[in-house]
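Please read these points with the sequence and the model side by side.

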Amino acid sequence: MESVEVFTTEGKGRGLKAQKEFLPGDVIFAEPAYAAVVFDSLTHVICHTCFKRQERLHRCGQCKFAYYCDRTCQRAAWLNHKNECSAIKRHGKAPTENIR
């Protein structure tokens, strides 16, 4: 992050200060999401790992709820999906997006 400076202001916390001029669309700071969920209306057309819109997705063979672009996305999701997967199988259906 050589293009920004991290600073702390008492009473306000941490902040970022630009060290150069940025253009519209430049990525200044990026972090992976702590949690994310696909809207119920999009579960069949959005990959549950990378969130790309695809017309042909592969469904989880166990819970039949989660959809993935390919095996790479499915493997990347497994650590987080395995608990959800077993819960969906036990319950018989996936909970709403608000619960997930």
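1. Strand β1 covers residues 4–9 and strand β2 covers residues 13–18. The two pair in the antiparallel sense over six bridges. Strands here are DSSP runs of E with at least two residues, helices are runs of H or I with at least four, and both are numbered from the N terminus. Two strands count as paired if DSSP finds at least two bridges between them. Glutamate 5 stands opposite lysine 17 in β2. Valine 4 has alanine 18 of β2 as its bridge partner. Three residues separate β1 from β2 in this hairpin. In the turn, glycine 11 has a positive phi of about 85 degrees.

2. **How to read the values.** This is a predicted model: local features need pLDDT of at least 70, side-chain atom pairs count only at pLDDT 80 or more, and totals for chains, interfaces and linings use all residues. Residues are numbered from 1 along each chain as its sequence is written, and side-chain values use heavy atoms, with hydrogens and water left out.

3. **A nonpolar patch.** Val6, Leu16, Ile28 and Phe29 make a nonpolar surface patch of about 350 Å². Patch residues have over 30% relative accessible area and no salt bridge; like charges are joined within 9 Å, and nonpolar side chains (Val, Leu, Ile, Met, Phe, Trp, Tyr) within 5 Å. The areas come from the Shrake-Rupley method with a 1.4 Å probe, and for residues only the protein chains shown count as cover. Valine 6 sits in strand β1. Its relative accessibility is 47%, so valine 6 counts as partly exposed. The classes are buried (under 20% relative accessible area), exposed (over 50%) and partly exposed in between, with a 1.4 Å probe and protein chains only.

4. UniProt, in an unreviewed entry, places "domain: MYND-type" at residues 47–85. UniProt positions follow the numbering used here, feature names are shortened, and annotations may be inferred rather than shown by experiment. Over residues 47–85 the chain is 38% helix and 10% strand. The end C-alpha atoms of that stretch are 15 Å apart.

5. **Cysteines.** How many disulfides are there? The count is zero. Cysteine 47 is in no disulfide; its nearest cysteine sulfur, in cysteine 69, is 3.7 Å away. A disulfide needs a pair of cysteine sulfur atoms within 2.5 Å. For cysteine 73, the closest cysteine sulfur is in cysteine 47, at 3.7 Å, which is too far for a bond. Cysteine 47 is buried, at 0% relative accessibility. Cysteine 73 is also buried, at 11%.

6. **The salt bridge.** The structure holds one salt bridge. Arginine 100 forms it with aspartate 40, and the closest N and O atoms are 2.9 Å apart. Arginine 100 lies in the segment after α1 (71–91) and aspartate 40 in the loop between β2 and β3 (58–59), so the pair ties together parts that are 60 residues apart in sequence. A salt bridge here is a side-chain nitrogen of Lys or Arg within 4 Å of a carboxyl oxygen of Asp or Glu. Arginine 100 is partly exposed, at 24% relative accessibility. Aspartate 40 is partly exposed too, at 34%.

7. **Positive phi angles.** Most residues other than glycine have a negative phi. Phenylalanine 51 has a positive phi, near 65 degrees. Phenylalanine 51 lies in the loop between β2 and β3 and is partly exposed, at 38%. Lysine 64 has a positive phi near 65 degrees. Lysine 64 lies in the loop between β3 and β4 (67–68) and is partly exposed, at 43%.
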